[in-house]
Amino acid sequence: MGEAGLWVATDDSGVGWWATETVVSHERGDSSDEALCARVAAREEGAFDQLVERYQSRAYRLAWSLLRDTEDARDLSQEAFLRVYQSADRFRGESRFSTWFYRILVNLCLDHRRRRRWWQLATAHEREEDEVALVERQPTSEPDPGQRVSEAQTMTRLWAAVHRLSPQQRAAVVLSVQEQLTTAEIAAVLECSEPTVRVHLHRAVQALRRKLTP
Amino acid sequence: MNEMRRHPETALVPYVKDELAPAERARVATHLEACERCRVALADVRAVLGALAPVPAPAEPHWGRYRAELQARLMDRARRPRWWQRPMPIALSAGLAAALLLFTLRPTPVEKPAATNLSQLEETTLGARLDILEHYDVVSRLDMLDAMDEIRQLDVVPVGGR
């Protein structure tokens, strides 16, 4: 699988924007993800490193999108790779490797969020401040800085609202918008039906629509 | 046909993302032509999905360091015995031993001797529920107990009869 997106901008704060021009290759054969996973299961030297290199960026970014914490994203994306290493022999190829991997990672992130929910509630004020800071971190090299800031504010407000959606809705939105997964793929990752994913996305859009107008 | 079928709101995100099967896509498109409410909802979906891109992302970590950490965790986990193979911590072992000792040495409750005959059983049963007796009028005439022997003889017909 190829790189999922293009890092388009960053600044000193380390936050940038990711263009959603997902490039997903589904190559099969020896170099496919599935074949690589089988080689990991056989403990073939170098296979695990290859798999990690392919997925590290996407895994880290997805974990960050679900958790909004760089340390947690680092920790849980690494944990997902460890789980893959430990249970690679149980991957039967009934789904794509990426779906299986996303399922492991998303479950880890959602469990982590559930466990830390009380803490997140306690630090809600700090988070609001972080969101404001995110706006200030946007690159301002556009021809019309005022409009650019306004758009960035809308985006920041919207993604902040995404963060406050229910865990399932949030995961569905991130997988759909950021990872460009189809409804069927999201259903496979979240282990629910397609109609359920449609309802999650519909409700998420309804909630986010209210945030579009200040 | 129910409301959800008439207004295919949950199909609008897949519709915008061009994921619907041709038949469903045609059905939604036909509906949209006739339904102002769903056209507004479709515009909302497009506005939200459009505003969500591009996606904010964190600065990427140093990938070499990231993989080195991962490798270290992998080695650590491979070395670490499974939980059932690990030696039990001293505090936990001591706690379990103390709990076992307390359980073994706990005071045995004194068992009441079982009633051996009917009268003992009656005594036991009635003794446990003496409060019931308060509801009986006869208890208010305890003086009658003095004549209980005579009362018991009332229904005994003397040999030879009257």
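Of the 214 residues in chain A, 50% are buried. The model is predicted. The accessible surface of chain A amounts to about 10,100 Å². Carbon and sulfur atoms account for 48% of that surface.

Chain A is in contact with chain B through 48 residues of chain A and 35 residues of chain B. In chain A, the residues that lose the most area to chain B are A:Arg74, A:Gln78 and A:Arg198, which together contribute 16% of what that side buries. The two chains bury about 4,000 Å² between them, and 65% of this area lies on carbon and sulfur atoms.

Polar interactions across the interface were then examined. Six salt bridges are found between chain A and chain B. One salt bridge joins the side chains of A:Glu79 and B:Arg73, with an N to O distance of 3.0 Å. Residue pairs in polar contact between chain A and chain B, both at pLDDT 80 or more, number 16.

Several elements of chain A each supply at least two residues to the side that touches chain B: strand β2 (15-19) and helices α2 (47-67), α3 (70-87), α7 (145-163), α8 (167-178) and α10 (194-212). The largest share of this side comes from α3(A), with ten residues. By class, the side of chain A that touches chain B comprises 24 nonpolar, 15 polar and nine charged residues.

A:Arg198 was considered individually. This residue belongs to helix α10 of chain A. Its relative accessible area is 17%, so A:Arg198 is classed as buried, the cut-off being under 20% with the protein chains counted. The side chain of A:Arg198 makes a polar contact of 2.7 Å with the side chain of B:Glu24. Leaving aside residues up to four places away in sequence, A:Arg198 touches A:Thr183 in chain A, and B:Thr10, B:Ala11, B:Pro14, B:Leu20 and B:Glu24 in chain B.

Notes:
Residues numbered from 1 in each chain as written. Chains lettered and ligands numbered in written order. Predicted model: local features only at pLDDT ≥ 70, side-chain atom pairs only at ≥ 80, totals over all residues. Heavy atoms only, no water. Buried < 20%, exposed > 50% of the residue type's maximum accessible area, 1.4 Å probe, protein only. Areas by Shrake-Rupley, 256 points an atom, 1.4 Å probe, with all protein chains shown as cover. Contact = heavy atoms within 4.5 Å. Buried area = accessible area lost by both parts, 1.4 Å probe. Salt bridge = Lys/Arg side-chain N within 4 Å of Asp/Glu carboxyl O. Polar contact = N/O pair within 3.5 Å; in protein donor to acceptor, adjacent residues only side chain to side chain. Helix = DSSP H or I, 4+ residues; strand = E, 2+ residues; numbered from the N terminus. Nonpolar A, V, L, I, M, F, W, Y, C, P; charged D, E, K, R; others polar.
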